[in-house]
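Hi,

Here is the structure I said I'd pass on. Have a look at it first, then read on for my notes.

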Amino acid sequence: MKTNDMLDTNQLTLSKRVFEQFKSLMFKESGVTLGDEKQVMVKARLAKRLRQLQLNSFEQYLQRVKSPDHRQEIQHLIDALTTNETSFFREAQHFEFLNHQLASFSVTVPIRIWSAACSTGEEAYSLAMTVAENRCHPDWQILASDINTQVLASAGLGIYDITRASSIPRRYLIKYCLKGVRSQAGQLLFSERLKQHIRFVLLNLDGELPEIGRFQFIFLRNVLIYFNEIKRKQIINKIISKLVPGGYLFIGHSESLRGITDLLRPVQATIYQKC
């Protein structure tokens, strides 16, 4: 075995037994179900944490995660094993639908939208730009939540690689974004006047939801695929309780609510309205 400062994690083995225990921990702490096909992914992502902690085996890391003296390590495990794939204005028809609905609201009505798995923030900023274009009244708010502390910290900065700008309409870029200079060259920065309408919070959808109010629109896209059927029903019921009557829920195109609830009616593909 190499010394810790030269540890080659590629040479380490993640046994089936230890992998199953990591799976159980993730399910217990987040409700997320990891399939057997995720073993290679789990090994690769946890290897980075082993190097940071200078540990020699996945067994050592498992004991650390399970130790009451290192309770905070659970969050590092969750951060490492949650998937965060997103982009600006992903699934454009959802934003077109939102645009149409916002136009029917009185400008004096407060607008509340929840991005329930905001990842690195692209969805939240896309929502904010959409609302800002429709609201001359300042009373609107985007709640953006995620279970991953690392992506939340990144999202709160509102800074992205300039190459990500291609999916943002040019009129939005001009109005709500700044081009980084000097140390921030090659980066895109969202303006403070847009960021002030977004609140980023750490939130576990599998736990008891805090008092966050109720919303006209909730985006829960590409989240349910990570949960089993029982967990999906539990999460959807909690989400529905946070929707105002007549409010809308958006899910991903690889997801379905068939057999999960009768409290929502389909409006169009992947868009549901609270009955």
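Below is what turned up, starting with the aromatic rings and ending with a sheet.

Keep in mind that this is a predicted model. The count of aromatic pairs comes to 17. One of them joins Phe 89 and Phe 95, edge-to-face, with 5.1 Å centre to centre and 65 degrees between the planes. Both of these residues, Phe 89 and Phe 95, are buried. Another edge-to-face pair is Tyr 160 with Phe 190, at 6.0 Å centre to centre and 85 degrees between the planes. That pair links distant parts of the chain: Tyr 160 belongs to strand β3 (residues 159-161) and Phe 190 to strand β5 (residues 187-190), 30 residues apart. Tyr 160 and Phe 190 are buried too.

Ring pairs also build a cluster, which includes Phe 89 and Phe 95 along with Phe 97, Phe 105, Tyr 172, Tyr 176, Phe 217, Phe 219, Tyr 248 and Phe 250. There's a charge over a ring as well: the charged end of Lys 231 sits over Phe 27, 5.2 Å from the ring centre.

Now the sheet. It is open, has 3 strands in the order β3-β5-β4, and its pairing is antiparallel. β3 and β4 (177-179) are at the edges with a single partner strand each, so one side of each has no neighbour in the sheet. On average, neighbouring strands are turned by 30 degrees against each other, direction ignored. Between β4 and β5 there are 3 bridges, and Lys 179 has Leu 188 in β5 as its bridge partner.

Cheers

Definitions and conventions:
Residues are numbered from 1 along each chain as its sequence is written. This is a predicted model: local features need pLDDT of at least 70, side-chain atom pairs count only at pLDDT 80 or more; totals for chains, interfaces and linings use all residues. Side-chain values use heavy atoms; hydrogens and water are left out. Rings of Phe, Tyr and Trp (its six-membered ring) pair if their centres lie within 6.5 Å; planes under 30 degrees apart count as stacked, over 60 as edge-to-face and the rest as tilted. Buried means under 20% relative accessible area, exposed over 50%, partly exposed in between (1.4 Å probe, protein chains only). Helices (H or I, at least four residues) and strands (E, at least two) are DSSP runs, numbered from the N terminus. A charge sits over a ring if NZ of Lys or CZ of Arg is within 6 Å of the ring centre and within 35 degrees of the ring normal. Two strands pair if DSSP finds at least two bridges between them. Axes are lines fitted to C-alpha atoms, for helices over the stretch in contact, and angles run from 0 to 180 degrees between N-to-C directions.
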